[in-house]
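Okay everyone, thanks for coming.

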Amino acid sequence: TKLDSVFDFALWNASLLAFTNKAPMRSLPHQLKYDALYPDPSKVTLLANNHDTTRFMSLEGATTAGAMMHVAFVLSVRGTPQLYAGEEIAMEGKEDPDNRRDFPSRAFTFEGRNEKERRMFDWTRAWIAMRHDYPALRSGKLIDLFSDDETYVFARQLGKQTIIVAFNRENKTKIIRVPVGSIGVRNGVVLTSLFGPVTSARVVHGVANLNLAPQMVMVFGVQ
């Protein structure tokens, strides 16, 4: 149908499963391989949730950390992101009409939000700013670099701008070897974190050893 050609429901569902720990992280690039079926994957809409779906925080296995990674994925992967009002404060809501609860008026202000809501709000705002500040995150080519059960790393490239987005779902720090030489990053170049804990990695023999914080999404830029 026309609707199915616009919204990528398969990738949306893959993201929900990955970030509620029901599917391995490698299932995300597995689903993205079907981009070849779209005339232009950059114009496909990827929703975080909407008024017809159960909100992320009401899914079995949902955590605030998982919701944060889900939103980051929607805002950093190819296509047009769609956020549903209330996701930015981790609202709950099961099937329609429960998913259409009124937005709490207190949450319009910083003082009115509780700790979880503030954390989610600040995270969502920061990721929207990242997408605004780096054109490659909006319209760059997506290139898979690394994936396993708990980790997924991809690059977005547009012109001379290369942005690397790294997801670590695990509860511990991971150091992973990422073959950035395959995307034209030269030996000696330093990858510096743009989002997440401050760290850097020098490219040696086409590989960068990225130090990924637990349950975090980190963004690296080429310096």
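So, who sits around the largest cavity? Its lining is made up of Phe56, Met57, Ala67, His70, Val71, Glu87, Ala90, Met91 and Met120. By cavity I mean a set of points, on a 1 Å grid over the protein atoms alone, where a 1.4 Å probe fits but cannot get out, and lining residues have an atom within 4 Å of a point. Rolling a probe the size of a water molecule over the atoms shows where empty space is left. Searching the whole structure turns up 1 cavity of 30 Å³ or more, and the largest cavity holds about 50 Å³ of space, where volume is the space filled by probe spheres set on the points, joined across faces, edges and corners. Helix α3 gives the largest share of that lining, 3 residues. By type, the lining splits into 7 nonpolar, 1 polar and 1 charged.

Quick word on what you're looking at. It's a predicted model, with local features needing pLDDT of at least 70 and side-chain atom pairs counting only at pLDDT 80 or more, while totals for chains, interfaces and linings use all residues. Numbering starts from 1 along each chain as its sequence is written, and side-chain values use heavy atoms, with hydrogens and water left out.

Next, helix α1, residues 9–19. Helices here are DSSP runs of H or I with at least four residues, strands are runs of E with at least two, and both are numbered from the N terminus. Leu11, Trp12, Ala14, Ser15, Leu16, Ala18 and Phe19 of α1 are buried, and buried means under 20% relative accessible area, exposed over 50%, partly exposed in between, with a 1.4 Å probe and protein chains only. Those buried residues pack against α2, β1, α3 and β5. After α1 comes Asn21, with a positive phi near 65°.

In the loop between α1 and α2 you'll find Pro24. Is Pro24 buried, exposed or partly exposed? Partly exposed, because its relative accessible area is 34%. Setting aside neighbours within four places in sequence, Pro24 is in contact with Ala18, Asp149 and Arg169, contact being heavy atoms within 4.5 Å.

Last stop, the sheet. It's an open one of 6 strands with antiparallel pairing, in the order β3-β4-β5-β10-β7-β8; strands pair if DSSP finds at least two bridges between them. At the edges are β3 and β8, each pairing on one side only. Strands β7 and β8 pair over 3 bridges, and Thr192 has Ser200 in β8 as its bridge partner.

Conventions. On a 1 Å grid over the protein atoms alone, a cavity is a set of points where a 1.4 Å probe fits but cannot get out, and a pocket is an open set with protein on both sides within 12 Å along at least five of seven lines; lining residues have an atom within 4 Å of a point. Ala, Val, Leu, Ile, Met, Phe, Trp, Tyr, Cys and Pro count as nonpolar, Asp, Glu, Lys and Arg as charged, and the others, Gly among them, as polar.
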